[in-house]
Amino acid sequence: MNAKQEKLPNYQLESLCCHHHFEDKKWELNCPFSHEPALIRSCYTDKLFEIKELPGIYRFSCWLPINKILEGSAAPVTYKSEHLAKKLGLSNLHITFNGYWPEKGAWMKTASFKECEAYSVCARNTPNRNKIMVVASAGNTARAFAKVCSENKIPLLICIPEDNLDALWFEKELDDCVKIVATEKGSDYFDAIHLSNIACEIDRFFPEGGAKNVARRDGMGTTVLSAVSTIGAIPDFYFQAIGSGTGAIAAWEANLRFIEDGRFGNHKMKLILSQNEPFTPIKLAWDKKSRDLFSISDDQARKDAAIIDAKVLANRKPPYSLVGGLFDALSETEGEVLSITNKEARMASNLFKELEKSDIDSAAAIAVASLIKKTQEKNFDKNAVIMLNITSGGAERFRQEHKTINAMAEHIFRLNTDKEEIKKVLNNLF
Ligand SMILES: [Zn+2]
């Protein structure tokens, strides 16, 4: 069949607060009624999963809320591990690899699963055609959105902490439609989010939406679509390092769709999530089974963020408490959150490279370390079907094999910059 003839999905949105169903007309991010904080979710007409003959990530478009196909995407790849599995005594370890690894068919040129989100979000129907999308990021998300928007000429403003600017490397120079602004050294992701909120007060700008954007979550959910379609069954365990935990919510939602499909099992994968010590707000709350995160001072959070290797995981405001968020995902799947030190992650990263033969980033190393830790538990079932989500790998290799260019910020804002001054600068960028 000609790829162009594949039809794109039919879907509606559902508020998880009141189960109201509605059409996706205006870049919806919330329940149309002013209910308690809750996620909205996409409901696809096609309940049966089907791989489409479309390029890159769009092979999974049956469960993506999109109305077009963009150029240059790649999909997550799942394979059965031999060497790491053997080392850990596991008989059914499946690695879902997001990144650059040509021998495995993995072609993400930003080497991160954030590409899954970006190619989904930017293909979602939007009435905001002439407006500028705003994305706040700790690094990988910015790199992915910048690539997709640059190559497809979609106006984009990126807000990022200055300390994370080195994450913005690209194979090609960015198109003029993408602009980057930063919050000064010592600031963190939360400060970048704050800056992005100010941008969105300007009429010409609109928020991408983060975890609230169904296209972002369903884009990340393609990791599970890749795993389940390769394995032929819903895994028993799902391992991932988390910052916001949006990927884990997405994994749970994809799992629910497969249960509705019915051909891949009817169980929920146990989410085994991990954070980088000492930045572990989700672990601290979940260990007490608290729906609310415990408060921590801004200064302490910035200090903790500065210590951890996996900077992309330092998220102070994860979508944890709201209906349909991470607390619900962990509750329904009887999940766990582990805490991993820099040292454990570095060892895990070396082990992965030695045994599986690919470099991985510091966040993925946290996930590998959590798998090692979990398999050392006495009662762990070594024959369980395990999905290990390697959220970012092959960046080192990609950068060795390709010349890359670092993008610069157009403007760096001090934390005490006046709001009106910020708006003035941003207005003049585009
Ligand atoms: Zn509602």
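Biologist: Leaving aside neighbours within four places in sequence, which residues is Ile158 in contact with?

Modeller: Two residues are in contact if their C-beta atoms, placed from the backbone, lie within 7 Å. By that rule Ile158 meets Val135, Ser137, Ala142, Phe145, Ala146, Val178 and Ile180, leaving aside its neighbours within four places in sequence. Keep in mind that this is a predicted model, where local features need pLDDT of at least 70, side-chain atom pairs count only at pLDDT 80 or more, and totals for chains, interfaces and linings use all residues. Residues are numbered from 1 along each chain as its sequence is written.

Biologist: Which residues touch the most other members of the largest nonpolar core?

Modeller: A nonpolar core is a set of buried Ala, Val, Leu, Ile, Met, Phe, Trp, Tyr and Cys residues joined through C-beta atoms within 7 Å. Buried means 20 or more other C-beta atoms within 10 Å of a residue's own C-beta, placed from the backbone. The largest core here has 131 residues, and Leu156 and Ile158 touch the most other members. Helix H12 (residues 362-375) gives the largest share of this core, eight residues.

Biologist: Happy with that! Is helix H3 mostly covered or uncovered?

Modeller: Helices are DSSP runs of H or I with at least four residues, strands are E runs of at least two, and both are numbered from the N terminus. H3 (residues 140-152) is mostly covered, with 11 of its 13 residues buried. Among the buried ones are Ala142, Phe145 and Ala146. The cover includes helix H2 (114-121) and strands E7 (132-136), E8 (156-161), E9 (169-170), E10 (178-183) and E15 (386-393). Just after H3, Lys153 takes a positive phi of about 55°.

Biologist: And how do I read a helix crossing, say what angle H4 and H14 make?

Modeller: Axes are lines fitted to C-alpha atoms over the stretch in contact, and angles run from 0 to 180 degrees between N-to-C directions. The axes of H4 (residues 189-200) and H14 (residues 419-429) come within 9 Å and cross at roughly 70°. H4 is therefore roughly perpendicular to H14, a label that covers 65 to 115 degrees. Leu195, Ile198 and Ala199 of H4 make the contact with Lys419, Ile422, Lys423 and Leu426 of H14.

Note on methods. Angles under 35 degrees count as roughly parallel, over 145 as roughly antiparallel, 65 to 115 as roughly perpendicular and the rest as oblique. A residue is buried if 20 or more other C-beta atoms lie within 10 Å of its own, exposed if 12 or fewer, and partly exposed in between; C-beta atoms are placed from the backbone. The expected span of a helix is 1.5 Å times one less than its number of residues.
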